Amino acid sequence: MAAAENVRLTIRLNATDNVITARTELLPGTPIPGENVTVAQPIPAGHKVATRPIAAGEAIRKYDQIIGFATEAVAVGEHVHVHNVEMQDFERDYAFGKDAKPTAYFNNSEQATFQGFRRSNGSVGTRNYIGVLTSVNCSATAAKYIAEALTPEIMAKYPNVDGVVALTHSTGCGMAGDGEGYANLQRVLWGFARHPNFAGIVMVGLGCEVNQIDFLLEAYGIERGPRFQTMNIQDTGGLRKTVERGASIIKEMLPEANKAERGTCPASELTLALQCGGSDAYSGITANPALGEAANLLVRHGGTAVLAETPEIYGAEHLLTRRAVSQEVGEKLIERIKWWEEYTSRNGGEMNNNPSPGNKRGGLTTILEKSLGAAAKGGTTNLTGVFKYGEPINTKGFVFMDSPGYDPCSITGEVASGSNVVCFTTGRGSVYGCKPAPSLKLATNTTMFNRMSDDMDINCGAIVDDGVSIEQMGQQIFERILEVASGSKTRSEEHGMGDNEFIPWQIGAVM
């Protein structure tokens with residue numbers, strides 16, 4: 001009975017930890033069976049309780065890792081959170097490649113498959129959209145009007161086309177014509193222009209912007225053709241003529257796009273974007289490790305899983321470098337970490353500006369704690385590559401792509417890098433959708449899943465509530481990924497979301 005009560009009230013993640021996590025709100029005087037702890041203060045659900053005396057300056061440990069340091073003495077049973085915990089620097093052992101090990105791949109007879117769109121260049125899509133891509137914010141309205149001109153009545157004639165989406169953004173001019181910000185934008189536009197989830201692309205500019213379409217085509221070797229056409233408002237003769245011409249081009253693309261048919265493709269053709277947002281204390285206990293198990297399965301089937309959000313692995317990077325296939329790969333990750341330290345410093349920020357207020361209400365105290373949970377999305381297989389934001393991913397297996405922690409911006413980069421499916425874990429609740437890559441939402445706790453069931457695809461809260469194992473939930477997520485890749489709609493797709501979440505990472509001065 002005591003063991004059952006202990007499971008119901010709290011979660012212990014490692015025997016060496018000096019805190020446990022409350023599964024429900026705990027009132028003062030509540031005994032915690034199996035812990036020799038009596039609650040001394042009100043503890044909100046998802047928050048931490050001290051299990052032994054912690055001296056001022058002593059490390060707070062969770063996941064058998066340091067998540068912060070006590071700013072004052074903490075007694076047994078007291079609440080451990082932002083009021084008595086702070087960040088401090090401490091030594092981390094990167095041990096490049098120490099924990100790398102051979103991956104146990106499935107053999108050909110065991111290879112998982114899905115129904116995808118095989119493109120003429122050999123790449124495979126999970127959706128069949130036509131995109132209107134903008135080079136600059138000045139062409140955003142034209143792009144939206146072009147997409148709106150393809151009415152439901154017109155699109156009904158082309159049932160194999162998922163839709164026409166306008167990908168608009170806030171930059172493209174008033175920026176330097178070189179440097180990190182410019183390179184980010186060009187990689188994103190190039191990545192979307194060649195993404196296999198698009199049957200065709202029309203790229204629309206204004207004409208006088210810094211981010212010239214011709215510069216992009218030359219830099220990345222993109223050629224105009226039936227599936228990729230460009231225009232600008234100034235040369236076309238204004239907004240009305242641009243909308244008419246753009247709509248006409250897409251109407252010419254639609255019959256060919258509609259010929260695309262799904263066929264059997266190996267799971268090795270999937271590139272999965274791993275993301276978390278609106279996190280809580282359960283993220284690192286349920287949904288993130290379960291998604292990590294699904295990522296392991298995808299890697300074992302020859303596919304690719306992409307972890308991102310560099311500020312949200314800060315403090316947990318040593319767990320990834322130890323799995324790097326080489327010192328070079330591990331050092332690429334550390335170079336990105338150091339870049340972020342310098343970047344936040346010169347902009348008057350700090351890496352612990354994350355967690356967000358919502359994260360903290362959910363029980364996350366420091367970026368170290370959040371990062372340890374976030375890194376669990378990456379599973380346990382080797383780290384095979386580290387890539388810049390939006391850089392084409394040319395390595396199979398588990399990889400990392402540098403990005404901010406801002407979810408729409410991060411996923412925009414992952415999709416530009418080649419991700420054709422997204423899995424998004426959330427504890428506070430997120431309604432994110434993505435075009436052209438379908439986005440599965442994984443709830444970390446049952447309470448939020450029930451409250452937002454119209455927006456959640458899978459309830460990973462069953463891990464703590466119903467005794468479902470991490471491995472079982474990971475298998476369930478993997479199977480659902482295959483279904484979605486084969487055309488089954490996610491909750492966000494049922495709501496028609498994904499038109500407004502295209503957010504390239506903007507770095508540098510606006511001039």
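This is a predicted model: local features need pLDDT of at least 70, side-chain atom pairs count only at pLDDT 80 or more; totals for chains, interfaces and linings use all residues.

Biologist: How many salt bridges does the structure hold?

Modeller: There are 22. A salt bridge here is a side-chain nitrogen of Lys or Arg within 4 Å of a carboxyl oxygen of Asp or Glu.

Biologist: What does Arg240 form a salt bridge with?

Modeller: Glu244 is the partner of Arg240, with the closest N and O atoms 3.1 Å apart. Both lie in helix H7 (residues 239-258), four residues apart, about one turn of the helix. Helices (H or I, at least four residues) and strands (E, at least two) are DSSP runs, numbered from the N terminus.

Biologist: Is Arg240 buried or exposed?

Modeller: Exposed, with a relative accessible area of 54%. Glu244 is partly exposed at 46%. The cut-offs: buried is under 20% relative accessible area, exposed is over 50%, and partly exposed is in between (1.4 Å probe, protein chains only).

Biologist: And where does Lys377 lie?

Modeller: Lys377 has a salt bridge to Glu309, with 3.9 Å between the closest N and O atoms. Lys377 lies in the loop between helix H12 (367-374) and strand S19 (383-387), and Glu309 in the loop between strand S18 (304-307) and helix H9 (317-321), so the pair ties together parts that are 68 residues apart in sequence. Lys377 is buried at 1% relative accessibility. Glu309 is buried too, with a relative accessible area of 1%.

Biologist: What about Arg52 and Glu58?

Modeller: Their side chains meet in a salt bridge at 2.9 Å, N to O. Arg52 is partly exposed at 36%, and Glu58 is partly exposed at 23%.

Biologist: Which residues are linked in a network of salt bridges?

Modeller: One network links Lys48, Lys62 and Glu369. Lys48 also turns up in a strand pairing: in strand S5, Lys48 stands opposite Thr21.

Biologist: How do S2 and S5 pair?

Modeller: S2 and strand S5 (residues 48-50) are antiparallel, over three bridges. S2 (residues 19-22) also pairs with strand S1 (residues 10-11), in the antiparallel sense over two bridges. There, Thr10 has Ala22 in S2 as its bridge partner. Two strands pair if DSSP finds at least two bridges between them.

Biologist: Switching topic. What is the order of the open sheet of four strands?

Modeller: The order is S13-S12-S14-S15, with parallel pairing. Strand S13 (163-167) and strand S15 (228-232) stand at the edges, each with a single partner strand, so one side of each is left without a neighbour in the sheet. The twist averages 20° from one strand to the next. Axes are lines fitted to C-alpha atoms, for helices over the stretch in contact, and angles run from 0 to 180 degrees between N-to-C directions.

Biologist: How many bridges join S12 to S13?

Modeller: Five, between strand S12 (residues 129-134) and S13, which run parallel. Val132 has Ala166 in S13 as its bridge partner. H7 packs on this sheet, touching S12, S13, strand S14 (198-205) and S15, and its direction makes about 175° with that of S15. Contact means heavy atoms within 4.5 Å.

Biologist: At what angle do H2 and H7 pack?

Modeller: Helix H2 (residues 140-149) and H7 pack at about 45°, with their axes 9 Å apart. H2 and H7 are therefore oblique to each other. Angles under 35 degrees count as roughly parallel, over 145 as roughly antiparallel, 65 to 115 as roughly perpendicular and the rest as oblique.

Biologist: Which residues meet there?

Modeller: From H2, Ala142, Tyr145, Ile146 and Ala149. They meet Leu239, Thr242, Val243, Gly246, Ala247 and Ile250 in H7.

Biologist: Last one. Where is His301?

Modeller: His301 sits in the loop between helix H8 (287-300) and S18. His301 is buried, at 6% relative accessibility. Not counting residues up to four places away in sequence, His301 touches Phe106, Glu110, Gln111, Ala112, Ala267, Ser268 and Phe478.

Definitions and conventions
Residues are numbered from 1 along each chain as its sequence is written. Side-chain values use heavy atoms; hydrogens and water are left out.
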